[in-house]
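This report describes a sheet, a helix and the nonpolar cores of one protein model. Please keep the sequence and the structure in view while reading.

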Amino acid sequence: MPPRCASISGTLTPFLYPFFLRHGPRVCVSRRCESTTVESLTSTEEQAARLNPPPSDYSRTIFADKATVTLIAGSGGHGCISFLREKYIAAGPANGGDGGSGGNVYIQAVRGETSLHKLARRNILKAGRGKNGQGKTKGGERGDDIVVQVPVGTVVREIDRMDPVFEEEQQRLAEAGQEETPMSNGPYKWDPQRWLLYPAVTKEDIATADFPTLPRGRKSALAMAEVKGPISLDLSMPMEKPILLAAGALGGLGNPHFVTKTAPRPKFATKGETGMRITLELELKLLADVGLVGLPNAGKSTLLRSISKSRARVGDWAFTTLQPNIGTVVLDDHRGRPIAHARHETGEVRTNFTIADIPGLIQDAHLDKGLGISFLRHVERARILAFVIDLSAGDAVTALKALWKEVGEYERMKIQEEKDKQDTIVEWTPFKTVEDAISNRSETIVVSSGPTYDNPLAPQVYSIAEKPWFVVATKADLPGTKENFEILRNYLQLVNEGVEEHPSGQKSFWGKKVEAIPISAINGHGVKRITEWTLSLLDDA
Ligand SMILES: Nc1nc2c(ncn2[C@@H]2O[C@H](COP(=O)(O)OP(=O)(O)OP(=O)(O)O)[C@@H](O)[C@H]2O)c(=O)[nH]1
Ligand SMILES: [Mg+2]
């Protein structure tokens with residue numbers, strides 16, 4: 001496919017080169033690490049076509065950053081009514097097994113998942129039901145557990161809960177407070193919801209028989225380990241083990257449980273408990289290493305295409321991108337070996353970094369204009385911000401300030417909202433004793449919102465102004481952009497020197513040197529430097 005802007009390909013505004021020579025790369029990225037950059041494509045034509053594609057040439061990523069799911073723990077299997085029958089023992093003792101307990105529901109944040117669309121589509125997730133008990137005192141099998149795997153960065157909030165055992169207990173307590181109810185003082189009658197009867201039992205038998213006191217609503221011991229409701233989790237780290245949201249309900253009791261002197265062969269057993277149902281709202285806040293922030297049509301998606309293998313949609317109009325795209329820049333030497341220079345904060349060798357391209361921000365995006373708040377929240381989580389400024393679209397400094405204003409306003413609003421909210425995300429504090437753990441189960445939350453006095457090892461959460469950032473001045477191939485770039489660079493120089501106010505307008509901000517990198521994403525020129533600069537910032541961060 002021929003490039004649509006063939007006239008500009010290959011030409012490069014001369015001011016790009018002196019810049020690169022003046023500032024040598026801080027991190028050495030070997031020439032062979034460009035496996036995901038455009039240079040690895042075979043022909044220049046192919047490369048040009050990839051960076052300047054028609055709007056129809058893009059890969060559609062199914063992405064959802066919100067989902068509401070109903071999780072249902074498995075119900076217990078029914079108890080069994082059975083009697084021993086052997087040769088010469090025609091009417092042996094009761095030997096019905098108990099029902100198996102239902103499956104548990106767990107949740108786990110994993111690195112492999114990147115979107116909530118699968119959960120959004122499924123809507124209801126149900127753990128397996130326990131099997132019924134059988135004769136010869138054989139207990140029923142346990143129901144299958146389910147583990148809900150969510151991407152790292154998912155925030156979970158409970159919106160509804162139906163726990164039949166809890167409700168029954170509440171009802172029982174309410175009834176106990178009242179004067180005599182027919183059920184509270186026997187004789188107990190058959191309740192079809194709770195009792196199973198032997199097939200041969202007739203209506204008359206039921207009418208005359210006295211049933212024992214119903215066993216109180218029972219919970220499995222595992223329920224102690226459940227995250228106490230209302231659930232509020234912030235899963236911003238991959239979890240080695242899933243955590244329990246809802247334990248499966250217990251199985252019914254077999255007829256041997258009801259043997260008494262007067263009724264040695266009870267012809268009834270109980271049904272299994274009903275599983276708990278929890279409705280959760282999941283929200284994914286992307287955890288990319290770099291978040292691209294820019295006005296609509298600035299060239300963010302083209303930049304993502306040029307730096308990674310992403311096939312994000314590109315078009316010459318505002319709001320081409322309607323959903324976030326995540327690109328991965330692989331840092332290897334073509335043999336799967338990582339580049340030794342780049343490391344994670346933990347010290348392990350970094351093999352890639354991720355870039356989030358979000359829809360463009362417009363004025364008052366923080367008030368939910370344009371695609372507004374729904375995507376600004378992704379910026380919040382990126383470790384580094386790259387402000388993408390279109391050099392051909394008016395004053396670059398004004399554009400940069402406008403972007404910072406939106407981001408800053410959003411943060412201010414967010415902080416206020418968090419303050420107003422009653423149900424804040426619970427902070428994790430280590431338990432001191434087992435009793436402490438049991439009495440404060442609501443605090444068994446995996447991730448905190450930052451280090452606290454009790455938990456100094458929790459990951460630091462920076463405000464947006466405190467994040468490392470740099471400016472990508474794109475479309476530098478277009479005529480007349482050089483002056484604009486010079487103005488931008490001078491402005492950043494003054495910001496670096498502290499003469500100009502930080503564009504966020506905040507008092508505490510990231511104080512290291514801010515760089516403006518001129519590129520022509522459409523030609524793939526200068527993009528390598530973005531990789532290098534990002535790596536140096538990630539190493540520092
Ligand atoms: N000349 C030139 N054009 C570019 C460059 N980068 C992007 N463009 C063009 O600018 C237009 C917008 O590019 P996109 O990558 O879709 O911009 P965007 O910021 O993702 O836009 P939204 O998703 O709408 O916010 C497209 O027509 C691109 O071909 C560049 O470096 N030079
Ligand atoms: Mg775009």
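Two strands pair if DSSP finds at least two bridges between them; helices (H or I, at least four residues) and strands (E, at least two) are DSSP runs, numbered from the N terminus. This is a predicted model, in which local features need pLDDT of at least 70, side-chain atom pairs count only at pLDDT 80 or more, and totals for chains, interfaces and linings use all residues. Residues are numbered from 1 along each chain as its sequence is written, while chains are lettered from A and ligands numbered from 1 in the order in which they are written.

**The sheet**

Six strands form an open sheet with mixed pairing, in the order S12-S13-S11-S14-S15-S16. Its edge strands, S12 (325–330) and S16 (516–518), each pair on one side only. Neighbouring strands are turned by 25 degrees against each other on average, direction ignored; here axes are lines fitted to C-alpha atoms, for helices over the stretch in contact, and angles run from 0 to 180 degrees between N-to-C directions. In general, strands of a sheet pair through backbone hydrogen bonds, either parallel or antiparallel.

| Strands | Sense | Bridges |
|---|---|---|
| S12 and S13 (residues 352–357) | antiparallel | six bridges |
| S11 (residues 290–294) and S14 | parallel | five bridges |
| S14 and S15 (residues 469–474) | parallel | six bridges |

Glycine 327 stands opposite isoleucine 355 in S13. Valine 290 has isoleucine 384 in S14 as its bridge partner, and alanine 386 stands opposite phenylalanine 470 in S15.

**Buried elements**

A residue is buried if 20 or more other C-beta atoms lie within 10 Å of its own, exposed if 12 or fewer, and partly exposed in between, with C-beta atoms placed from the backbone. In strand S14 (residues 384–390), seven of the seven residues are buried. Ile384, Ala386, Val388 and Asp390 point one way from S14, and Leu385, Phe387 and Ile389 point the other way. Helix H6 (residues 300–307) is largely enclosed by the rest of the structure, because eight of its eight residues are buried.

**The nonpolar cores**

A nonpolar core is a set of buried Ala, Val, Leu, Ile, Met, Phe, Trp, Tyr and Cys residues joined through C-beta atoms within 7 Å. The largest has 59 residues, and those touching the most other members include Leu292, Phe387 and Ile389. Helix H8 (residues 396–420) gives the most to this core, with eight residues. Apart from it lies another core of 31 residues, among them Tyr106 and Ile278.
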